[in-house]
Amino acid sequence: MNQNLFQQQLNEAQNLPAFSEYYQFQTLEFFDQYGVIVGIINGEYVEEHERTEDYDPWYLGVFLDGEMGFCSIGSKVVLNRLQNLVALQQQLGFIN
């Protein structure tokens, strides 16, 4: 994903409210600067791309149904619209 598109998506997402605690997503996707890492539709993996063990992404974005819900740049969280989805955050390892 190019940096301009990433910045545009981040800016748009920062103006959106958090997802409702009852939000049921169909599509869950993880992106980095190289593109999709994992894509899941209706609970089934539809796309997966491995990264090397020493891989250190400059950003990680999590999208639910095409909307950015979480973003970190390096180790800094810059967007978290998932705060109401506690079970999902626990599954993803964002919280204990």
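Me: Okay, in E4, which residue is the bridge partner of Phe30?
Reply: That's Val62. Keep in mind that we're looking at a predicted model.

Me: And how many bridges do E1 and E4 pair over?
Reply: Four, and the two strands pair in the antiparallel sense. E4 covers residues 59-64.

Me: What order do the strands of the sheet come in?
Reply: Going across, the order is E3-E2-E1-E4-E5-E6. That's six strands in an open sheet, with antiparallel pairing. The edge strands are E3 (44-48) and E6 (76-80), and each of them pairs on one side only.

Me: How much are neighbouring strands turned against each other?
Reply: By 15 degrees on average, if you ignore direction.

Me: What holds strands together in a sheet anyway?
Reply: Strands pair through backbone hydrogen bonds, and that can be parallel or antiparallel.

Me: Which strands does helix H1 touch?
Reply: H1, residues 3-14, packs on the sheet and touches E4, E5 and E6. Its direction makes about 115 degrees with that of E5.

Me: New topic: how many salt bridges are there?
Reply: The count comes to two. In one of them, the side chains of Asp32 and Arg51 meet at 2.8 Å, N to O. Asp32 is in strand E1 and Arg51 is in the loop between E3 and E4, so this pair links distant parts of the chain, 19 residues apart.

Me: Is Asp32 buried or exposed?
Reply: Buried, because its relative accessibility is 0%. Arg51, on the other hand, is partly exposed, at 26% relative accessible area.

Me: And which side chains meet in the other salt bridge?
Reply: Those of Glu67 and Arg81, at 3.0 Å, N to O. Glu67 is in strand E5, while Arg81 is in the loop between E6 and helix H2 (86-92). They're 14 residues apart.

Me: Why does Arg81 count as buried?
Reply: Because its relative accessibility is 5%, and anything under 20% counts as buried. Glu67 has 35%, so that residue is partly exposed.

Me: Last one: where does Gln33 lie?
Reply: In the loop between strand E1 (27-32) and strand E2 (35-41).

Me: What does the side chain of Gln33 reach?
Reply: The backbone nitrogen of Trp58, at 3.3 Å. Gln33 is buried too, with a relative accessible area of 15%.

Key. Residues numbered from 1 in each chain as written. Predicted model: local features only at pLDDT ≥ 70, side-chain atom pairs only at ≥ 80, totals over all residues. Heavy atoms only, no water. Buried < 20%, exposed > 50% of the residue type's maximum accessible area, 1.4 Å probe, protein only. Polar contact = N/O pair within 3.5 Å; in protein donor to acceptor, adjacent residues only side chain to side chain. Pairing = 2+ DSSP bridges. Axes fitted to C-alpha atoms, helices over the stretch in contact; angles between N-to-C directions. Contact = heavy atoms within 4.5 Å. Salt bridge = Lys/Arg side-chain N within 4 Å of Asp/Glu carboxyl O.
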